[in-house]
Amino acid sequence: MTAAAPTRLTVPPDEKALKALRTGDRVHISGVLYTARDAAHKRMWEKIQKGEQLPFDPAGQIIFYVGPTPPP
């Protein structure tokens, strides 16, 4: 069985392309990708709730959660 070719996305992604994605799909992303751990997501959420500005505009962007990893 041959794996399907990865879906190619450019940031900001097209909404139609995002809706077509399914769990397990391989995706190649070109452009700026923001990463943040749990504490950063919490701080961003708190700023949004208070009506404060974030250091970047998250509209149309990709924010990837990178959780803590266990020590080797």
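Helices (H or I, at least four residues) and strands (E, at least two) are DSSP runs, numbered from the N terminus. This is a predicted model, where local features need pLDDT of at least 70, side-chain atom pairs count only at pLDDT 80 or more, and totals for chains, interfaces and linings use all residues. Residues are numbered from 1 along each chain as its sequence is written, and side-chain values use heavy atoms, leaving out hydrogens and water.

**Exercise 1.** List the elements of the protein chain in order, then work out how spread out the chain is.

*Solution.* Begin with the count: two helices and four strands. Reading from the N terminus, you get β-α-β-β-α-β. Next, take the radius of gyration (over C-alpha atoms), which is 15 Å, well over the 11 Å that the globule rule (2.2 Å times the number of residues to the power 0.38) gives for 72 residues, so the protein chain is more spread out than a compact globule. Last, the C-alpha trace spans about 50 × 40 × 20 Å along its principal axes.

**Exercise 2.** What share of the 72 residues of the protein chain counts as buried?

*Solution.* With that, 12% of the 72 residues count as buried.

Conventions:
Buried < 20%, exposed > 50% of the residue type's maximum accessible area, 1.4 Å probe, protein only.
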